[in-house]
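The sequence and structure come first, and the description follows.

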Amino acid sequence: MRDLIDADRLPGQPHCVPGQPAAERSGAAPLSGWAAPARPRISVLVDAGDRARGIVAYLSWADVRTGLICRLHAHENPPALRALVGHALGGLAHCLRVEAFVGAPADAVGPVGLPRTRRAATHDALVQSGFTGRPQGCYLHRSLPADVPSAKAVADVLPCEMPPGRRLIIREAAEPVAEAVVSVGPDRTATIHWIETLPSRRRSGLARLLLGQALTLLAEEGATDVSAVLDDAQQRSPGRAAASRLFDSFGFTFVDDLWGYQRQRPRATRRDA
């Protein structure tokens with residue numbers, strides 16, 4: 001199963017560690033950051049030689065009758081992907097709505113959202129099964145050498161519990177005006193979860209100072225790769241071009257668009273006798 005998961009790994013994401021699938025099945029490691037009320041169901045598709053050819057993980061919430069497909073890996077083999085999606089939908093038949101790759105923060109194994117171009121066969125299998133997809137953001141990556149130039153420390157650095165990592169805060173007159181949250185995960189891979197500046201203080205260079213200090217901090221903590229996601233709201237905002245230019249100027253490159261999916265159960269039609 002680890003080979004199936006790692007085959008879809010994006011640059012800057014760690015390898016699936018031994019025991020990860022078992023921990024997800026037991027609920028010890030919630031999938032995609034979900035603190036789920038029920039343990040996810042993980043199903044493996046095997047061939048005649050009992051070799052794993054695909055894996056799907058899904059869960060549901062009985063109180064809202066909503067399901068979630070949170071893992072789907074099959075080496076981009078269309079028949080296997082369609083079989084796995086069909087299996088998951090059978091297990092979620094009681095749900096009025098089923099989502100896929102949405103609604104949770106990025107975890108240590110991969111970002112929330114399906115890489116649309118790199119995993120075109122998975123996209124097609126979902127759409128052919130009745131899902132409607134939409135962009136959620138774009139995934140960015142850069143390598144981080146050990147000798148990254150040190151940036152001026154302008155932000156207070158505090159521990160962050162959710163997501164686990166560090167919170168960097170720039171204050172003016174004791175009031176927070178800009179904030180970033182970063183973390184270092186397995187395989188010395190790091191994530192910039194977000195950078196935000198007060199609207200009244202944008203275009204003043206605070207985000208640049210914050211990102212520079214964040215990269216210095218991550219390099220000091222041993223990170224060699226950094227990823228970030230510009231979500232769809234950021235991309236559609238007036239500051240979209242500025243955010244893209246900011247990450248571009250620090251050496252980040254675009255990897256892929258991330259998509260999420262939703263499928264509504266068809267409503268039963270009433271027939272009068």
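## Overall make-up

The chain contains 7 helices and 12 strands (DSSP runs numbered from the N terminus, with helices being H or I of at least four residues and strands E of at least two). This is a predicted model, in which local features need pLDDT of at least 70 and side-chain atom pairs count only at pLDDT 80 or more, while totals for chains, interfaces and linings use all residues. Residues are numbered from 1 along each chain as its sequence is written, and side-chain values use heavy atoms, with hydrogens and water left out.

Of the 273 residues, 44% count as buried (under 20% relative accessible area, with a 1.4 Å probe and protein chains only). The chain exposes about 14200 Å², and carbon and sulfur atoms supply 53% of that area (Shrake-Rupley method, 1.4 Å probe). Among contacts with a separation of 6 or more, 66% are between residues 24 or more positions apart (contact means heavy atoms within 4.5 Å).

## The nonpolar cores

The largest nonpolar core has 30 residues, and Ile192, Phe247 and Phe252 have the most contacts inside it (a core is a set of buried Ala, Val, Leu, Ile, Met, Phe, Trp, Tyr and Cys residues joined through side-chain atoms within 4.5 Å). Two or more residues of this core come from each of strands E6 (132-143), E8 (164-172), E9 (175-184), E10 (189-197) and E11 (225-231), and from each of helices H5 (206-220) and H7 (240-249). H5 gives the most, with 8 residues.

Leaving aside neighbours within four places in sequence, Phe252 is in contact with Leu140, His141, Arg142, Ile192, Leu215, Val226, Ala228 and Phe247. A second, separate core of 23 residues includes Leu81, Ala121, Ala125 and Tyr261.

## Helix H3

Helix H3 (residues 78-91) has 14 residues and should span 20 Å at 1.5 Å a residue (1.5 Å times one less than the number of residues). The end C-alpha atoms of H3 are 20 Å apart, which agrees.

The buried residues of H3 are Ala80, Leu81, Leu84, Val85, Ala88 and Leu89. They lie on the same side of H3, because they cover an arc of only 170° around the axis (taken from the directions from the helix axis to the C-beta atoms). These buried residues pack against strands E1 (41-46), E2 (52-61), E3 (66-73), E4 (97-100) and E12 (253-264), and against helix H4 (120-128).

## Cysteines

The disulfide count is 0 (a pair of cysteine sulfur atoms within 2.5 Å). Cys16 counts as buried at 2% relative accessibility, and Cys160 counts as buried at 7%.

Conventions:
Buried < 20%, exposed > 50% of the residue type's maximum accessible area, 1.4 Å probe, protein only.
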